[in-house]
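Hello,

Here is the structure we talked about. Please open it alongside this note and follow along.

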Amino acid sequence: MTADQLAKARVLVVGDVMLDRYWFSAVERISPEAPVPVALVQREEDRMGGAANVALNAASLGAQTTLLSVVGSDDAGRRLAHLVTDSPIRSAMRQIVGLRTTMKLRVVSRQQQLIRMDFESMPDHEVLLDLMDRYEQELDLHDVVLLSDYGKGGLTHVARMLEMARLRGKPVLVDPKGRDYSRYKGATLITPNRAEFALATGDWQGEAELQQHADKLRAALGLQAVLVTRAEDGMSLFTDAGHLHVQAAAKEVFDVSGAGDTVIATLAVMLGAGSSLEEAVRTANRAAGIVVGKLGTASATPAELWPQP
């Protein structure tokens, strides 16, 4: 895939954004107050999380990427908006007074998480409804729609979003959440991980039963494809053409945070650039193998995916 081809891809990312905050620390003693480690914070770092990290992954591959979401007007929201503005992402985010921006604070020592603390609140239903006009406008400017659902309320109107995209012939990729996938009816492709897929369809024993679950889900929801990401077992694609399994590409795993974001973002960019679904899946698998070798939410670059000899 060439840089020119990647640059032609126009990806619209919609969903739940969050701020990933890292406190990097040294732990050398146990607290005298309680049997817990004392973390001496030495460095702080803020990164884009959730749908914002998905958008960053797409933009890092060179695609024209727009992010549509809502954040609060609080410190975390302003910081996240600033990070997006300073990135290659085209921002269509809206700041809402009174909304608490989702933030995940991770305390890290020696490249291991000690604890994660989450701060969040659900956006108001009517606030999200106000974004539908902007969504409709953006649809005509993009080749691929990517809906990133983290269960924080940003995709309350996902059924309507899917219908609007279908009417315009736009492929829609969904990173799903929860037990009930009926809200994603009519999507082009969904990308649950192993645990998410089992939650929605039930456990399975062996590849044949896995395919049965996937085919049943595709038929029930009118999906063209289901891609189940399976960590160290790679990923499995299910379509009308059958079952494609790709072995995991990771050589060394430091952190699986954001690996799913990388997978779906790479798929969207590759499809937007004109590749086949099989080629997109194989490339997404390589990209996931790259980012799990990095600490925290991260992205893969074209140079890493297609190294020059």
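**What turned up**

Val226 stands opposite Phe238 in S14. Keep in mind that this is a predicted model.

**Around S10**

How many of its residues are buried? Five of five. Both faces are covered. Val144, Leu146 and Ser148 are buried on one side, Val145 and Leu147 on the other. In general, side chains of a regular strand alternate between the two faces of the sheet.

S10 has a parallel partner in S1, with five bridges joining the two. Here Val13 has Leu146 as its bridge partner. S10 also pairs with strand S11 (residues 172–175), again in the parallel sense, over four bridges. Leu146 stands opposite Leu173 in S11. To get from S10 to S11, the chain passes through helix H6 (residues 158–167). This β-α-β crossover is right-handed.

**Helix H5**

Which residues of H5 are buried? They are Met132, Tyr135, Glu138 and Leu139. Seen down the helix axis, these buried residues fall within an arc of 120°, so they line one face of H5. Asp133 and Gln137, on the other side of H5, are exposed.

**The cores**

The largest nonpolar core has 54 residues. Val13, Val17, Leu67, Leu267 and Val269 have the most contacts inside it. Helix H9 (residues 259–272) gives the most to this core, with eight residues.

Take a look at Leu267. Leaving aside neighbours within four places in sequence, Leu267 is in contact with Leu173, Leu189, Thr191, Leu227, Ala280, Val281 and Ala284.

There is also a second, separate core of 37 residues. Val14, Leu99, Leu155 and Met164 are among its members.

Best wishes

Terms used
Residues numbered from 1 in each chain as written. Predicted model: local features only at pLDDT ≥ 70, side-chain atom pairs only at ≥ 80, totals over all residues. Heavy atoms only, no water. Pairing = 2+ DSSP bridges. Core = buried A, V, L, I, M, F, W, Y, C linked by side-chain atoms within 4.5 Å. Buried < 20%, exposed > 50% of the residue type's maximum accessible area, 1.4 Å probe, protein only. Contact = heavy atoms within 4.5 Å. Arc of directions from axis to C-beta. Right-handed = clockwise from strand over helix to strand, strands pointing away.
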